[in-house]
Amino acid sequence: MGIVKGDQMVLNIGPQHPSTHGVLRLKVVTDGEIVSDIEPIIGYLHRCFEKHCENSTYEQVIPFTDRCDYIASMNNNFGYVVAMEKLMEIKVPDRVEYIRIIMAELNRIASHLLALGVYGLDVGAFTPFLYMFRDRERILDIFELTCGARLLYNYMWVGGVSHDLPVGFVETVYGFLDYFEPKLKEYNEILTYNKIFIERTADVGVLPPEVAISYGVSGPNLRGSGVKWDLRKDEPYSIYERFDFEVPVGEGTVGTTGDCWDRFYVRMLEMIESAKILRQALKNLPQDGDVHQAIPKKIRPPKGSIYQRTESPRGDLAYYIISDGSPEPYRLKMRSPAFTALSVLNEISRGWMLSDVIAILGSLDIVLGEIDR
Amino acid sequence: MIVDWLIDWFPTSVAWPGLTFVVVVILCAIPVFVFIALYALVAIYGELKISSFIQDKVGPMGQGVGLHAWRWGLLQPVADALKLILKEDIIPSSADKKLFILAPFIVFIGAFIAFSALPFSQTLIIADMNIGIFYILAVSSLGVIGIILAGWSSNNKWSLYGAMRSAAQIISYEIPVALSIVVVIMLTGTMSMQGIIQYQSGLIWGFLPNWLIFNNPFTFLAFIIFFISGVAECNRTPFDIPEAESELVAGAFTEYSGMRYAFFFLSEYANMFVVSGVAATAFMGGWLSPIPGMLNTPAWGLFWFMSKSMFLIFMMIWFRWTFPRLRVDQLMDVCWKGFIPISLFNIFGVGIWHLIVG
Amino acid sequence: MGNYLKNIWETITTMLTGMRVTLQHLLSIRRNNVTLQYPEERWPRPERDIGFDHSNYNVIRSRLHVDIDDCIGCLKCERACPVDCIKIETVKVPNRGEDIRSIGHTGVTANGTKKAMVVSRFDIDMTECCYCNLCTYPCPEECIYMTGGPNSEKHEIDYEYSEYDRNDLIFRFAKKVSDEEIESATSVSGVEG
Amino acid sequence: MTDNLEQLINDAVEKALAGDMDAINNIEDRVTRSKAKAALVKAKREAAKEQTEKSSDENSIDSSDVKQDLTINENIAELLIQQFPDDIIKELSSKEHIQIQSKNWLIISKYLRDDPACLFDSLQCITGVDLGEESDLEVRYNLHSMTHRHAVEIRISCLRNKAKVPSVESIWRIGDWFERETYDMYGIEFEGHRDLKRILLPEDWEGWPLRKDYEVQETYHGIVVPKVKEGWE
């Protein structure tokens, strides 16, 4: 008996839908529950980031980078300032480097917490979502203490950071880490090793490493496919080479390597590694030094261009900056990791069910602000 | 019981005996409806509070104005209900109007008429039929027609998905429910609700009440299967795929709002009570006191029955805020590959046990 | 068959583990509660002196404030703003550093700079402000800064400000005098000087 | 009296520079306090200036190290010149990038991906650049190899009014979306692309926004496109 082919139905998921993680529209061709084709339609959140940058000074670009990936603003700032400092050949003081890494890793934990929590929501578990938001809130409090903003920080500047650390910051972060590390066990108990969750995610949406590389997928999604590639380790920028940490990769513990569960679990492990980096950074943080010392009076990079990649929580975040010697960038292109991650959706979710598409989309951890820019 | 009593009470010489019947039915229906409405308020409040406590929040605390401004947010469900009732009634222009209006009532009727066979206490039962449990199983699957109508008449793809999933789910889970009940009927030898409870009076093993969950391991298994399948029949997490808010927006109820949505909501909670009530009756001794021979007046009977049902409803709420949701095919897998074989094995096991032990 | 039973066993144990976690939270809500009853209770905002020269300066970025008496109208903040939400207009005064009483203009700032301009308009559109704090750094007189929080004594301003009309969120810091008055005041004092 | 004041201010500033802000905050007279603060700001700025100058000196020494960090492989250029002598524009190429002609780009890209010495299996980014209102457009490809861990930048320029570049969508799958984005912003047509259409902007948008000569359209679907904000109310 052959497979009975019914009529196909086109279904629009989004732009207003509970689990599209923003204003994404998926044009899904379905045959019953089975999905035969997906066309992601993006651009609903396009804010002309690159055009804006061409008309703003280099300092003014930083608030815009905040708004690209609004979940991990610190990392976006970080990528931009690393690129600018390389272009202008500025050497920043050690204290600034350490502060930046502390902030970036804290924000990585915050971003992963959001990704994991929302993923739980996507597969129907409401409670882990709130547990993770509860802990993310503590990180946001630390940011608020440091620079007064909770989401869009504009904290890292070319050559420095905007505010020095407050008194008692190190103790606060230590306190957070002591609180946070045992919580991972709770997440694992309630969500990661839950049989229903494993059923929903293991073997679903397998992303083979070759496909991932060809699609330019990076970050935890690529590592979930078993490729050990982390820019912090492989192309260290800033002072990441001074830290001792592991690069977790997906091993197919409960299913095939590269399935949704692996991508989920890699994020869980990465939070442990980030906590490790944080402890080292806090230990070695230089006690004194002016965080504003290396900030140039006028930001006018020499003529030239730079392509600088950094590891944001979502993957390779790169800035291509072309300078013509004026105080405004001639061209600024942002290579966003979520953009490439979304493009692979059609490839890996064809043939799965409608519910799986939501699960796969969630496991890719996209942020529409960064995709549409 | 109440029906019989009311019919006796009416003068038999009325010109139309049919009228007596209609009046009696209405007299019975009104308190049931009031009971469902009140119980739903309590259950919604419980759900709000339990979910909040599980999630490290305190839930509604009664800050604000009007109905919200009372202690511990006790009036929150009342305010919610009033809001739903007062909302504008929206019928999508492309919907099939008649079916769209009819659907919520059919869903509600399915849950509503099942109450007539639930034994609240020794004397408090609308009608003690000799096929009581069979009747409940039959009418509680009536709701699926309403859900299909709702999904179809909304003329919305999401609703259609939800309706089809719901139909498949409810019809599939009827089978393990029925097979678990067969175990009960085998042991008790009656389908009357009161008869089933009567069978469970007394002691077993010398100290435990002779409830069916304690009777033998197979009945315990049957209870687990019955209860979980019951959760699935109520469309609650982890089996809430017909609603599946992260996938299907709100499934079959996507286009409903206001009063009509409130009816779906009400029938969901009413269904929960029916499932819990039947589970409490068939497996946990209904209105029987946990200490046999003590506190067995009808008033205490009501108390025991309600507390057993409420405990099971609490379990459902607890499930809902702990588990993720199954996928639609896995849901069917659980039913056809898990529950049904185990139920069949169970019937066999109970038979053997009965032969050897009983 | 072994796999089948193993699956069932795993399902039961992991589910019970999950239920244990949620039950623990349910029972210890008094200790675990993280929410506040919002309008009555508020989250304490971090208070911290970052060495900025305003004693009431708070690290919280809540709302921009301008000490208009100290503003010399240098337009640096307007230029620094990435979203153009600051609008400044100035009129030149004939005598630097001289008070003009009629329009409430003070001649010297708190830092001792003699002002050469009357700031006739200083509007900040807070609906457009992106809270990046970029305008506060270039200010030579440190008269534009973010305020907010209960710990700022000088400016008892709500953390969560809201208005019924969006035009009310355009803050006008300049002294409320008409253009003609400024014109006459500046030209008259010019004649006198 | 004035000497006293200046003395007081100087002391306070020195203390403040050493980290003790209370010294200034404790001054009672408002004018004196603000003067002290002004002096402090001045002193801080001068200190910062000195330090930047100092650090920029250090930078000139360190700059050689920075270059070594780059993973750009300079041998690739030589390799390509040997293989495709006609397609490489040597004058415009440098250590960090290779300028090629668009004609044989598809063949070169296949070579870059498959040759064991290159193995550029990952297309990192496609950047469109407008070289100026009078001159050409340019497409820049940043390639990276996961095996050899090296990178290269390929540049292809094309005419402004006849912007056509072969598509590499079939070589690197991510080329699909990157090329659509570049087409969206610059109007560069990628020949051989299966489904070249706008990606971020609506399909009926007019013009190529990131070109330097782009003018914002007057209306879009009858809605007036707001210009740059000119004054309020």
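**Exercises on helix packing, a sheet and an interface**

Gly110(B), Ala111(B), Ile113(B) and Ala114(B) of helix 4 of chain B are in contact with Ile136(B), Val139(B) and Ser140(B) of helix 5 of chain B (contact: C-beta atoms, placed from the backbone, within 7 Å; helices, H or I, of at least four residues, and strands, E, of at least two, are DSSP runs numbered from the N terminus). The model is predicted: local features need pLDDT of at least 70 and side-chain atom pairs pLDDT 80 or more, while totals for chains, interfaces and linings use all residues. Residues are numbered from 1 along each chain as its sequence is written, with chains lettered from A and ligands numbered from 1 in the order in which they are written.

**Exercise 1.** State how helix 4 and helix 5 of chain B are oriented to each other.

Solution. Step 1: helix 4 (97-114) and helix 5 (132-140) of chain B pack at about 170°, their axes 8 Å apart (axes are lines fitted to C-alpha atoms over the stretch in contact; angles run from 0 to 180 degrees between N-to-C directions). Step 2: the two helices of chain B are therefore roughly antiparallel, a term for angles over 145 degrees.

**Exercise 2.** Find the edge strands of the three-stranded sheet of chain A.

Solution. Step 1: the open sheet has the order 1-2-3, with antiparallel pairing (strands pair if DSSP finds at least two bridges between them). Step 2: strand 1 (9-13) and strand 3 (34-41) of chain A each have a single partner strand, so they stand at the edges.

**Exercise 3.** Identify the element of chain D that gives the most to the side touching chain A.

Solution. Step 1: 31 residues of chain D contact 32 residues of chain A. Step 2: helix 3 (30-69), strand 2 (122-130) and helix 6 (175-186) of chain D each supply at least two residues of that side. Step 3: helix 3 of chain D gives the most, with nine residues.

How values were computed: Two residues are in contact if their C-beta atoms, placed from the backbone, lie within 7 Å. Angles under 35 degrees count as roughly parallel, over 145 as roughly antiparallel, 65 to 115 as roughly perpendicular and the rest as oblique.
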